[in-house]
Amino acid sequence: MAGEAWTERKTTAVLVLADGTVIEGYGVGAEGATEGEVCFNTALTGYQEILTDPSYAKQIVTFTFPHIGNVGANPDDHEDLTPANSCGAVGAIFRADVTAPSNYRSAGHLDAWLKARGIVGLTGIDTRALTAFIRDNGMPNAVIAHSEAGSFDIDALKARAKAWPGIVGLDLAKHVGVAENAVWKETPWIWDAGYAETSEPRYRVVAVDYGTKRNILRLMCGHGAEVVVVPPTASAEDILAHRPDGVFLSNGPGDPAATGAYAVPTIRKLIEADVPLFGICLGHQLLALALGGRTEKMHQGHHGANHPVKDYTTNKVEIVSMNHGFAVAADSLPTGVEETHRSLFDGSNCGLRLSGKPVFSVQHHPEASPGPQDSHYLFQRFFDLIDERRAKKAA
Ligand SMILES: NC(=O)CC[C@H](N)C(=O)O
């Protein structure tokens, strides 16, 4: 503005890409430096749920929506089961500075929340340019660094970004899944009432926790289930010992092929045992691998809350929440495995079912959190399969 003194703002955070590109901005959240894969998320709301989704482990999320943080942070909107481990995104990038929170649910400023979780943040950069870079070049490996003193050893950060091997080949599920069995009873959040618990569960579901989101478990409890959450490495015998009505294979971070080393033999046994099986995201990818399919790394991945997906079993289109950087190669699915859903953005596989068995899965996130709730019907589909099984057994 005319007449006003202009002082240059000091760089207090940087994003250093593995190709040597340095993007300078201002720090928010935790100080320090951490490596990860940079991906863009197009959701307009739900930043706390996004940043706490364990599937973002070892990832740095750049938000395409320019104003993140306006509604502050609250203790309810985190999706990871084990916040003590701070699993979820390691870094966050926002276009604008985080403003003072304004929302009746806010318990604090996003900056303080990011600090408490150890998430390194960067603001004030051209997030459109970064998103266009990812669209053109794929998701880069990078180091995000924040120092209020503004001191950065750029050469060392470049070397670190270049040396990080990236997500391909990484089994991250074993780091974010529960270490011990846990029982989950909480039902979905209700306006003015918050969370409640299932009182008299009608179903028992075992959820194999590769990095599950809380809202998946809540929705299952909302359908009358009690959920036993078991570690990602639980054996089929351990799982079946709970006498589950159904088994759920959760979402989670990392490369499905790496986690598949121990998950695939277990899932194959579960399929043989004829127990109703439902998978979401990483759970979908692992099920595809168990059935003889293949997964592949995507170019820019799908991260957002506005993706159109078609359910070919009903010919309905749903607008869904997405968060994945790998995909099931549809042409790798063997005979007997039907492709049920496809992305209408790029035609990639978004669902499958196994003929003759109560087994199905989807790539997208029917639990939303954040995002539209169009795909909630998939939980009903799971409990319908369970009811059918029960009726058959009783006959
Ligand atoms: N949300 C998820 O479960 C992600 C699955 C897997 N890690 C991927 O990136 O594709």
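This is a predicted model: local features need pLDDT of at least 70, side-chain atom pairs count only at pLDDT 80 or more; totals for chains, interfaces and linings use all residues.

**Starting at Cys281**

Residues are numbered from 1 along each chain as its sequence is written.

Cys281 sits in the loop between strand E12 (277-280) and helix H9 (282-290); helices (H or I, at least four residues) and strands (E, at least two) are DSSP runs, numbered from the N terminus. Cys281 is buried, with 32 other C-beta atoms within 10 Å; the term applies when 20 or more other C-beta atoms, placed from the backbone, lie within 10 Å of the residue's own.

**The annotated site**

Next, select Cys281, His365 and Glu367, which an unreviewed UniProt entry lists under "active site", an annotation that may be inferred rather than shown by experiment. These residues span 87 residues in sequence, yet no two of their C-alpha atoms are more than 11.2 Å apart, so they gather at one spot.

Moving to His365, look in the loop between strand E17 (359-362) and helix H10 (377-394). His365 also counts as buried, with 26 C-beta neighbours inside 10 Å, and its contacts, apart from neighbours within four places in sequence, include Ile280, Val320, Ser321 and Gly371.

**The shell around the ligand**

Now select the residues surrounding the ligand, among them Ser55, Asn251, Cys281, Asn323 and His324, each with its C-beta atom, placed from the backbone, within 6 Å of the ligand. Strand E14 (residues 316-328) gives the largest share of this shell, four residues. By type, the shell divides into five nonpolar, seven polar and no charged residues, with Ala, Val, Leu, Ile, Met, Phe, Trp, Tyr, Cys and Pro taken as nonpolar, Asp, Glu, Lys and Arg as charged, and the others, Gly among them, as polar.

**The two domains**

Finally, colour domain 1 (13-163) and domain 2 (173-394) separately, with bounds that come from an automatic or database domain assignment. Their centres, taken over C-alpha atoms, are separated by 27 Å, and the contact takes 25 residues from domain 1 and 29 residues from domain 2. On the side of domain 1 that touches domain 2, strand E3 (32-41), helix H1 (47-51) and helix H3 (127-137) each supply at least two residues.

Terms used:
Two residues are in contact if their C-beta atoms, placed from the backbone, lie within 7 Å. A residue is buried if 20 or more other C-beta atoms lie within 10 Å of its own, exposed if 12 or fewer, and partly exposed in between; C-beta atoms are placed from the backbone.
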